[in-house]
Amino acid sequence: MEFRAKNDEDETEVFKRIEKLFDDAQKNWKGAFAPNTKLDMQPSTVKSCVLEFQDVKLFNSNLEVVDEAFEYLINKSSKGEKGQYFTPRYVIDMCVRMLNPKEEETMIDTAAGSCGFPVHTIFYVWQKILERKGLTRSHLFTLEQKPAECTDYVVNKVFAIDFDPKAVRVARTLNLIAGDGQTNVLHLNNLDYDRWSETTNDENWQDTYFEGWKKLRKLRKQKDSDQDFNFDILMANPPFAGDIKESRIISKYELGKNDKGKYQNKVGRDILFIERNLNFLKSGGRMAIVLPQGRFNNSSDKYIRDYIAERCRILAVVGLHGNVFKPHTGTKTSVLIVQKWDEKLCPKKDDYDIFFATMQKPSKDNSGDKIYVRDENGQPKLDSHGHLIVDHDLFNHEGLTQDGIAEAFAEFAKKEGLSFF
């Protein structure tokens, strides 16, 4: 109730009240703001913002509003050059449904951006917990009291890492709203894991991230190494653009070598992420990763495909429509879903079926604006939360659209006897 103002109220009074709220927020939520941030705005601006926002309810809203604000704030120039594009929520939801996470499983996103994969994984698992307990929900993105199992899951099982400090702050804030006070979103350079200790021993870094770091350390395969971990599930959309050129980093990776076995002078960032991500998974662990289409069909990338096939069962490849990442890029992408070989969960075999699918509905027009589902009168259809429904064929949206790729994969997974369905 403090975040309100009257038209005729003195702007200095409004400013003081909001400044106090801001200071309290900084104390409560470490890492959501840069250290020593001040409310650097004119009182008149603060008042007009409050008047504009005070009747808008962000809780119970879907996350697209937040995404769009986030994309606007982290402007195109800083994102585009690293090839970091935000994964649309409907692509994230398809990946989560296909990997079917359970509440006892650990999950990480190694290139987290605004934390779409972790937040949607949380929502998916919460939904299952509530169904098991016979509870209904009004909406998951809300401050409603949730069962202890829901909070425990977020606090102990879900992790995220990103290299961009601004993205990490937004991601921590989102995770906070999604029900996690001491969040496990960490600011680290994931590919340069050899130098993590320089960051993690820094007192200022520890002030913000130590709780999450303590929990991540427990998931290492070896006590003193940050190379290998024991995660059940990994989902990521690593940056495509830009090469890693430091030989110090490249020499840590098998995929730093070319198909002749020689270390290269530069390697695509997404290629190193493939190996790094597989090292995060335990045997039998599973991964969904968004990759440029070329990795699946360029003859020069065969050594990458061989590397993956040697270590994992390739479960599925889903070709996304060329408009999915517009307006930022028209790069054609696919989602790769794999499970690491394991004697019990995924016994090794030479010959097996793979699920292939291609997205037929574009979901966005050529300029990157979303296309929405309409009824027979041409009016936009709304879901149970009053939100517009994007017109895609990736999964069935609350029974209002037809079954899609995720449902077809679930059928395939059951037929194949995959361990997680």
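This is a predicted model: local features need pLDDT of at least 70, side-chain atom pairs count only at pLDDT 80 or more; totals for chains, interfaces and linings use all residues.
Student: How does one read the length of H6 against its number of residues?

Tutor: Begin with the general idea. An α-helix has 3.6 residues a turn, so residues three or four places apart point the same way. For H6, 17 residues at 1.5 Å a residue should span 24 Å. The end C-alpha atoms of H6 are 24 Å apart, which agrees.

Student: Is H6 mostly covered or mostly uncovered?

Tutor: Mostly covered: 13 of the 17 residues of H6 are buried.

Student: What should I look for in a salt bridge, and how many are there in the whole structure?

Tutor: Side chains of opposite charge can pair when their charged atoms come close. A search of the whole structure finds 23 salt bridges. One of the pairs is lysine 133 with glutamate 149, at 2.9 Å from N to O. Lysine 133 lies in the loop between helix H6 and helix H7, and glutamate 149 in helix H7, so the pair ties together parts that are 16 residues apart in sequence. Lysine 133 is partly exposed at 39% relative accessibility, and glutamate 149 is partly exposed at 26%.

Student: Which residues are linked with Lys133 and Glu149 in a network?

Tutor: Glu103 and Arg132 are linked with them in a network of salt bridges.

Student: Are aspartate 270 and arginine 295 buried or exposed?

Tutor: Both aspartate 270 and arginine 295 are buried. Their side chains meet in a salt bridge of 2.7 Å, N to O. Aspartate 270 belongs to helix H12 and arginine 295 to helix H13, so this pair ties together parts that are 25 residues apart in sequence.

Student: Where are the partners of the salt bridge between arginine 313 and glutamate 416?

Tutor: The two side chains meet at 2.8 Å, N to O. The pair links distant parts of the chain, with arginine 313 in strand E8 and glutamate 416 in helix H15, 103 residues apart. Arginine 313 counts as buried at 4% relative accessibility, while glutamate 416 is partly exposed at 22%.

Student: Why is strand E8 described as largely enclosed?

Tutor: 8 of the 8 residues of E8 are buried, so the strand is largely enclosed by the rest of the structure.

Student: In which sense does E8 pair with E9, and in which sense with E10?

Tutor: Strands of a sheet pair through backbone hydrogen bonds, either parallel or antiparallel. E8 and E9 pair in the antiparallel sense over 7 bridges, with cysteine 312 opposite lysine 340 in E9. E8 and E10 pair in the parallel sense over 4 bridges. Phenylalanine 355 in E10 is the bridge partner of alanine 316.

Student: What is the order of the strands in the open sheet?

Tutor: The 8 strands run E3-E2-E1-E4-E7-E9-E8-E10, with mixed pairing. E3 and E10 stand at the edges with a single partner strand each, so one side of each is left without a neighbour in the sheet. From one strand to the next, the twist averages 15°.

Student: How many bridges join E1 to E2, and which helix packs on the sheet there?

Tutor: E1 and E2 run parallel and are joined by 3 bridges. Aspartate 109 has alanine 160 in E2 as its bridge partner. H7 packs on the sheet, touching E1 and E2, and the direction of H7 makes about 40° with that of E2.

Key. Residues are numbered from 1 along each chain as its sequence is written. Side-chain values use heavy atoms; hydrogens and water are left out. Buried means under 20% relative accessible area, exposed over 50%, partly exposed in between (1.4 Å probe, protein chains only). Helices (H or I, at least four residues) and strands (E, at least two) are DSSP runs, numbered from the N terminus. Two strands pair if DSSP finds at least two bridges between them. A salt bridge is a side-chain nitrogen of Lys or Arg within 4 Å of a carboxyl oxygen of Asp or Glu. The expected span of a helix is 1.5 Å times one less than its number of residues. Axes are lines fitted to C-alpha atoms, for helices over the stretch in contact, and angles run from 0 to 180 degrees between N-to-C directions. Contact means heavy atoms within 4.5 Å.
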